[in-house]
Amino acid sequence: IGLVASLGNLNNVDKLGHSISAAFIATLLGIFSGYVLWHPIANKLKRISKQEQEMKLLMVEGLLAISEGLSPSAIEKKLTV
């Protein structure tokens, strides 16, 4: 958006330089915040999601084993492997 706004000042060279520098700083801040803030948060959410998927899969396998009529010790052995 900053670069588009700077292109509106093509007739005024003084304003053009300031607009381009502001757009460049905004781009750097966006890249920095992406890598420093949002990327670690996204990785943490992915890790939590994977743990939840594994837990739900374990529960489904346990329920299926119960519905098959397996003994509790067989279910425990199946789920701990």
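Biologist: In which helix is the place of Tyr 35?

Modeller: Tyr 35 sits in helix α2, which covers residues 13–68. Helices here are DSSP runs of H or I with at least four residues, strands are runs of E with at least two, and both are numbered from the N terminus. The model is a predicted one, in which local features need pLDDT of at least 70, side-chain atom pairs count only at pLDDT 80 or more, and totals for chains, interfaces and linings use all residues. Residues are numbered from 1 along each chain as its sequence is written, and side-chain values use heavy atoms, with hydrogens and water left out.

Biologist: Why does Tyr 35 count as exposed?

Modeller: Buried means under 20% relative accessible area, exposed means over 50%, and partly exposed lies in between, with a 1.4 Å probe and protein chains only. Tyr 35 has 62% relative accessibility and therefore counts as exposed.

Biologist: Which residues make the nonpolar surface patch of about 960 Å²?

Modeller: Ile 31, Phe 32, Tyr 35, Val 36, Leu 37, Trp 38, Ile 41, Leu 45 and Ile 48 make the patch. Patch residues have over 30% relative accessible area and no salt bridge; nonpolar side chains (Val, Leu, Ile, Met, Phe, Trp, Tyr) are joined within 5 Å, and like charges within 9 Å. A salt bridge is a side-chain nitrogen of Lys or Arg within 4 Å of a carboxyl oxygen of Asp or Glu. Areas come from the Shrake-Rupley method with a 1.4 Å probe, and for residues only the protein chains shown count as cover.

Biologist: Why is Ile 48 called partly exposed?

Modeller: Ile 48 belongs to helix α2, and its relative accessible area of 34% makes it partly exposed.

Biologist: What makes Leu 29 exposed, and why does Ser 19 count as buried?

Modeller: Both Leu 29 and Ser 19 are found in helix α2. Leu 29 has a relative accessible area of 54%, so it is exposed. Ser 19 is at 18% relative accessibility and so counts as buried. A polar atom of the Ser 19 side chain lies 2.9 Å from the backbone oxygen of Lys 15. A polar contact is a pair of N or O atoms within 3.5 Å; within protein, one must be able to donate a hydrogen and the other to accept it, and residues adjacent in sequence count only if both atoms are side-chain atoms.

Biologist: Why does Ile 75 count as buried?

Modeller: Ile 75 lies in helix α3, residues 72–80. Its relative accessibility is 12%, and therefore Ile 75 counts as buried. The C-alpha atoms of Ile 75 and Glu 61 are separated by 8.9 Å, at 14 residues apart along the chain.

Biologist: How does the radius of gyration of the chain compare with that of a compact globule?

Modeller: The chain has 27 Å, whereas a compact globule of 81 residues would have a value near 12 Å. The radius is taken over C-alpha atoms, and the globule rule is 2.2 Å times the number of residues to the power 0.38. Along its principal axes, the C-alpha trace spans about 80 × 20 × 10 Å. The chain holds three helices and zero strands, and buried residues make up 9% of its 81 residues.

Biologist: Which residues does UniProt list for "transmembrane region"?

Modeller: The unreviewed UniProt entry lists residues 20–38. Over residues 20–38 the chain is 100% helix and 0% strand, with end C-alpha atoms 25 Å apart.

Note on methods. UniProt positions are given in the numbering used here, feature names are shortened, and annotations may be inferred rather than shown by experiment.
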